[in-house]
Amino acid sequence: MADQAVDLGGRAGASRDQFFGRQRELKSLRADIERAGLNTLAGRKAPRARVLLIAGRPGSGRTALAEELASRLAEDYPDGVLRARLTEPGGRRVPMESAAREMLDSLGIASPPGADEDELTEMVRAALAERRMLLLLDDAGDAEQVDPLLPDNPDCLAVAVSEGPLTAIPDVRPCTLGGMDAKSAIELLSTFTGSVRITVDPQAAESIAEECGGLPAALVLVGGWLAARPRASVADVAKRLRGLPDDGGQPTSARPLARAFRLVYESLPQSAARILRLLALAPGGLADAHTASALAGCSVSDGRSTLDDFAALGLLHSVGVLPPEAGGGQYVVPGCLVPMLRALLRAQDRPAEVQLARARMLERTVRQLQSCRAITEPDGSPARKKLAGLPSALRFPSAPAASAWLSGRLPALLASARVAVEDGGLDTLARRLVAALVRALAAHRGTEAAAPELYGLHQLVLGVAQRRGLHREEAAALLNLADLDAQTGRNEAALARYRAALDAGRAANDPYATGRAMESVGGAYQELGDWQRAADWYGRALAQRQARGERAEEARLYGRLGTAHTYAGRYGDALRSWRAAVAGYRRIGDVPSQARALSEAARVQEYAGRPEESLHTCREAVDWARQAGDLRLQAALQLRLADTLDRLGDPAAARLHRSTAERLLGEEGSACEIRSTSAKD
């Protein structure tokens, strides 16, 4: 049998850096890097990154071998190692756009919200074209997941981990993993048992290695069982393993791991066994103390100690530790164990109980997200008062602690939202969860920085709303998605969504959504340069606002209508619209907006070739800007007056207005400095 690498996961006292065997495979992989490829043999330079493939069943130590290879090659790739997991522990393929976004985030490159997988993978390839990096693509399902991420840069190297060959990618020879050789397997086992128990009965240790098929995942489970029972002999475990029946429905290669898992599982107390089964519901396979507590209905401290025990037994792997105030340890359920846990869950737990456990977990997540957002609110606010009434385990001591929790748990939170929506039977809870996550992200990151995540969340809301016929929520989700499309320049997509939002708003008889959609359709046409349609839709939105007596919105829409007419060159219509906006702002007493509308009217008069009228209107605007105390607007209007006077042949008056503008800008800067100093004090 071949040598094998292994990651000891979260076992107490074990080092994650321990590596056993696989020297022959490492040597072969390194030699494969230097091997002449098909292009080299043909006299051509390699057009793309070389791909090394490590193939093996889950539990064979394939990822650990890839990580060891990456660490040994690190010096050859000064720009670092870029990692992406292409399959979740439960077997769900990671969408290509999600994998590409994670890679771009690791490279420090912002990805546009709503971009499709072609655009995102192109961004990844473009970023890698100028770097010398090693790509580690873990748990690839097939070549279609690997090929789009390969850069056209032979200075990069891709190490792919998969269960089978990647036949669609040329010039790839798989390094296929079997079990560990007996010597390496016993070395691994001794890290759990100590050398004495192995030395006392080396033949029994060899028997265990054989019963485990040399699979490191199986050996870790058996080793964890032995470590928890210092009085048990190695021979006793070998006898127990031989006595366990095989599941005839499993392939022969999977039986050693199944028997090792059964040995550990059947030794657990009933309550712990139930928690372990329920961890199959953990979104993305990621779990922490709150996840275990909510699933099992136990205390957070009990959930934390149970997870620690599971990690010591090799049933979970540690994936990092947040500060205690941000949640503590986080674990992942090994992908090789998830199918067995799901089978046990189906066989031993009633569907209603499973659904209740899932609902408890999602409800706990909602409350954590609400607490995460509330800590950003001012002291004494309703949100902070509500936060004070939550159990201490759900409260965050500070906004930085909440932000650290949100960042550390974000993959699991996004997976929770997706799972809740896909469930189909928890739509009310799913909507609350997505809404809470949107608010928490906006509070801690801001809507612009969180736009990629928000885009995906709004898509989830849209799916639920359409499934349930919730037209008002459908309209809101479509408007949010369209806004993000518009912000990234996808105006055609934004226009289609704004129109769909209008239909949904009408179906819901929601005047706000309808009016907002009509105005946004006009805005999309304006961005596309279709001024006629933009003005038409602004006019429709204006008529609705007038019918509802919304004076402020009416004045604002007159301004948008005036802008569309101005760009279209219809200066008469534009001037009428701006005058109507001025009148509207005057009626509601909005002096700053009245001054700005007058300044726009003056601009239109200037465009129309009526400088004398523009001069008069601009002076009127200056008076209103002075009343509003807007120094910057006053300065801008003074400069416009100067330009107009230059064209009218009065340079002396123009110089006077320019000096006034400079003085006002100086005063405005001094005022800003004073405000800044006061804020610091």
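Predicted model: local features only at pLDDT ≥ 70, side-chain atom pairs only at ≥ 80, totals over all residues.
In the UniProt record, an unreviewed entry, the feature "domain: AAA+ ATPase" is placed at residues 48–202. Within the model this span is 37% helix and 17% strand, and its end C-alpha atoms lie 49 Å apart. An open sheet is formed by five strands, arranged in the order β2-β3-β4-β1-β5 with parallel pairing. The edge positions are taken by β2 (81–85) and β5 (174–176), each of which has a single partner strand, so that one side of each is left without a neighbour in the sheet. On average, and with direction ignored, neighbouring strands of this sheet are turned by 15 degrees against each other. One of the pairings joins strand β3 (residues 134–140) to strand β4 (residues 157–162) in the parallel sense over five bridges, and in this pairing L136 has V159 of β4 as its bridge partner.

Helix α1 (residues 23–34) lies across β1 (50–55), β4 and β5, and its direction runs at about 160 degrees to β1.

Among the salt-bridged residues, R62, R85, D138 and D139 are linked in a network. Another salt bridge is formed by the side chains of D349 and R277, with an N to O distance of 2.6 Å. This pair, too, links distant parts of the chain, with D349 in the loop between α16 (338–348) and α17 (351–374) and R277 in helix α13 (residues 270–278), 72 residues apart. Both D349 and R277 are buried.

The buried residues of α12 are P256, L257, A258, R259, A260, F261, L263, V264 and Y265. The elements that cover them include α9 (202–211), α10 (216–227) and α11 (234–243), together with α13 and α16.

Further contacts involve helices α22 and α23. R497 forms a salt bridge with D485, in which the closest N and O atoms are 2.7 Å apart. Because R497 lies in helix α23 (residues 491–508) and D485 in helix α22, the pair ties together parts that are 12 residues apart in sequence. D485 is buried, with a relative accessible area of 0%. D483 is likewise placed in helix α22, which spans residues 471–487, and the side chain of D483 makes a polar contact of 2.5 Å with the side chain of Y498. When residues up to four places away in sequence are not counted, D483 touches Y498 and R516.

Terms used: Residues numbered from 1 in each chain as written. Heavy atoms only, no water. Helix = DSSP H or I, 4+ residues; strand = E, 2+ residues; numbered from the N terminus. Polar contact = N/O pair within 3.5 Å; in protein donor to acceptor, adjacent residues only side chain to side chain. Contact = heavy atoms within 4.5 Å. Pairing = 2+ DSSP bridges. Axes fitted to C-alpha atoms, helices over the stretch in contact; angles between N-to-C directions. UniProt positions renumbered as here; feature names shortened; annotations may be inferred. Salt bridge = Lys/Arg side-chain N within 4 Å of Asp/Glu carboxyl O. Buried < 20%, exposed > 50% of the residue type's maximum accessible area, 1.4 Å probe, protein only.
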